[in-house]
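Please read the following walk through a structure with the sequence and the 3D view side by side. The paragraphs begin with pairs of charged side chains and then turn to strands.

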Amino acid sequence: MARVAASLRRLVVVLSVLSAAAWLGGCAVQTEALRQSPPPDLPVSAELAATPFYPQTDYQCGPAALATGLGAAGFAADPVQLAEQVFLPARSGTLQLEMVAGARRQGAVATRIPATLEAALREAAAGRPVVVLLNLALTWLPRWHYAVLVGYDLAAGEVLLRSGTTRREVMTLRSFEHTWQRAGAWGIVLTPPGAWPATAGAEAVVEAAVGYERSAAPAQAVLAYRAALERWGGNLTLQMGLGNSLHASGDRRAAAEAFRRAAAEHPASVPARINLSATLLDLGDVAGARRAAREAVELADPAWAERARAALAATQRP
Amino acid sequence: MKSTTRWMARLAAVCISFAGFVTSAQATLVSTEQVAAAQGITSPSAQRDRIYAALDRADVAAALQERGVDLAQARARVAALTDDEVEQVAHTIETAPAGASDFLGVLVFIFVLLLVTDILGLTKVFPFTRSVR
């Protein structure tokens, strides 16, 4: 039995080595494409030389990279204090969450960028360093490392990183593509609320904004939502987030306006009407609140029926 | 049996709407996370309390303290996660083996892994890899 297990294990090791070798031998597809036919609007090179540098101590490249990203976004960053707050697990999948949550708790918005080399370079070209997770070793034997992409040179085929204890690490574009892809091409850009990374998609922005609203002061969340709505004006979640943040910040009138707009643009949305009704009730507009709640009930959406009825009941009390 | 269930459900519904009735002087808004969940962006969850409850367990707290993890920090960290992220953690807890001692072990394992600042824990398992330092 033990012998079978041992030979099985050996087989697995051999297979992993073979597949890793095959994989490592593969070419850096994106690197080749970018170098051979670079997008015309992407500068050939960029370097964010002013990006601060916090050399890592011990094993804490996460807090150091986070501090670098926060510093670049204009937030005071103390890697030692961050290390206390950002707990980095030795597990892929959850450890990135710590980085995102840590950034939020410092007041910054952390947005995931698309998993392409071009997106990462575009952010650097636009003046936004990208906090990236790299796997410096192999897929089956990972060695995780956080670094900050601060520049690149397409002609030379290089990227520039704030990494570990090296202020300006030069890595070949190929190596960067490999090690980054091996870590799931995970990269975030940190911004103050009100600015969004240029390459981020709608879904990433909604996720980032909703997460930010949870930890940020309502007024800060309002800034983030307003800026996001400039780009994705029709997005229901963003519209509701704006209304909720305005409501939480005490500006009921503006909140009602935001909910009214959400309700008008999304005729089937019950939550927009429930929140409009509740806000109008706060403002003393009982008739308006009742109208909105009645609309909510009439939409007869089973997912919200209970809440809609409660909203209507609230407007019918003496 | 069925009618009892139905009766209970009705009672629960009445209780809930009554609760809504009583507290609605303070208008209750649908949260953005609930809207996002309904839009299919994040999955709905009320798992956060579950994780807090796990942190509140005396044995878990003791085990964490033994490893130098501050409970207040752990709570603040959970608070900063979105419902979706909490779901991931809660899911890990839920799919843990159910045996009592085992379960505690897994809980502590998750929190220590999540909380301890040791990005390179994995590489320490493999001494022949070069340190990143």
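Arg260(A) forms a salt bridge with Glu257(A), their closest N and O atoms lying 3.8 Å apart, where a salt bridge is a side-chain nitrogen of Lys or Arg within 4 Å of a carboxyl oxygen of Asp or Glu. Both Arg260(A) and Glu257(A) belong to helix α11 (residues 252-265) of chain A, and they are three residues apart, about one turn of the helix; helices (H or I, at least four residues) and strands (E, at least two) are DSSP runs, numbered from the N terminus. Arg260(A) is partly exposed at 39% relative accessibility, and Glu257(A) is partly exposed at 46%, given that buried means under 20% relative accessible area, exposed over 50%, and partly exposed in between (1.4 Å probe, protein chains only).

This is a predicted model, in which local features need pLDDT of at least 70 and side-chain atom pairs count only at pLDDT 80 or more, while totals for chains, interfaces and linings use all residues. Residues are numbered from 1 along each chain as its sequence is written, chains are lettered from A and ligands numbered from 1 in the order in which they are written, and side-chain values use heavy atoms, with hydrogens and water left out.

Over all chains, the structure holds 10 salt bridges. One of them joins the side chains of Glu47(A) and Arg168(A), at 2.8 Å from N to O. Because Glu47(A) lies in strand β1 (residues 45-47) of chain A and Arg168(A) in strand β6 (residues 166-172) of chain A, this pair ties together parts that are 121 residues apart in sequence. A salt bridge also connects Glu295(A) with Arg273(A), again with 2.8 Å from N to O. This pair links distant parts of the chain, with Glu295(A) in helix α13 (residues 286-298) of chain A and Arg273(A) in helix α12 (residues 270-282) of chain A, 22 residues apart. Glu295(A) is partly exposed at 38%, whereas Arg273(A) is buried at 7%.

The strands come next. Strand β5 (residues 158-163) of chain A has five of its six residues buried, so it is largely enclosed by the rest of the structure. Strand β4 (residues 144-153) of chain A runs antiparallel to β5(A) and is joined to it by six bridges, strands being counted as paired if DSSP finds at least two bridges between them. β4(A) and β5(A) form a hairpin with four residues between them, and Gly157(A) in the turn has a positive phi of about 70°. β5(A) also pairs with β6(A), in the antiparallel sense over five bridges, and Glu158(A) stands opposite Thr172(A) in β6(A).
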